[in-house]
Amino acid sequence: MKGEMKAITIKQPWATLIAVGEKKFETRSWPTRYRGQLAIHAGKKADKTACMSEEISSVLAKHGYGSPEDLPTGAVIAVGELTACYQIQSFSEGEQDVILAHNDEFVYLSAERDAFEIRFGDFSEGRYAWEILGLNKLTLPTPCKGKLGLWSWVYE
């Protein structure tokens, strides 16, 4: 069956952290009004330094990824639902608490409860947190070229 959906290219290891459900917010410098199905595309390059950090490597190992070379690149690896886009209102570096806002809706991330989520993104004040839920990791990554911004992925 052929189809099309919006996609976002994300550098490794963050794409896989989203695909395995360990990261539900993708942080960006720009907002989006788009809501709906979203393909998670792993970019061609991986940040090997980030992959080797104790925090990230232990979470990846829990999901069967032993080294940066095990991470899929240049492929769509999951499909989820982009449900909200929040502006990051405040970030307390010392306590690592974050407040996200969209219209009159607020989400509070606490350092205690959401430590990995906060460490797996750039929650600097003024940036945006895209909430991606209902993720389905693809059994086999689907190779394709990524693009900047939101783009249309045509699949068969």
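Helices (H or I, at least four residues) and strands (E, at least two) are DSSP runs, numbered from the N terminus. This is a predicted model: local features need pLDDT of at least 70, side-chain atom pairs count only at pLDDT 80 or more, and totals for chains, interfaces and linings use all residues. Residues are numbered from 1 along each chain as its sequence is written, and side-chain values use heavy atoms, with hydrogens and water left out.

**Helix α3**
- In α3 (residues 54-62), the buried residues are Ile-56, Val-59 and Leu-60; buried means under 20% relative accessible area, exposed over 50%, and partly exposed in between (1.4 Å probe, protein chains only).
- These buried residues line one face of the helix, because they fall within an arc of 100° seen down the axis of α3; the arc is that of the directions from the helix axis to the C-beta atoms.
- Glu-54 and Lys-62 are exposed residues on the face of α3 turned away from its buried side.
- The cover over the buried residues of α3 includes α1 (14-19), α2 (48-52) and α4 (115-119), where contact means heavy atoms within 4.5 Å.

**Aromatic pairs**
- Rings of Phe, Tyr and Trp (its six-membered ring) pair if their centres lie within 6.5 Å; planes under 30 degrees apart count as stacked, over 60 as edge-to-face and the rest as tilted.
- The count by this rule is 4 aromatic pairs.
- Phe-116 and Phe-120 are stacked, because their ring centres are 5.4 Å apart and their planes are at 20°.
- Phe-116 is partly exposed at 36% relative accessibility, whereas Phe-120 is buried at 1%.
- Trp-153 and Tyr-155 form a tilted pair, with 5.0 Å centre to centre and 35° between the planes.
- Trp-153 is buried, with a relative accessible area of 7%, and Tyr-155 is partly exposed at 23% relative accessibility.
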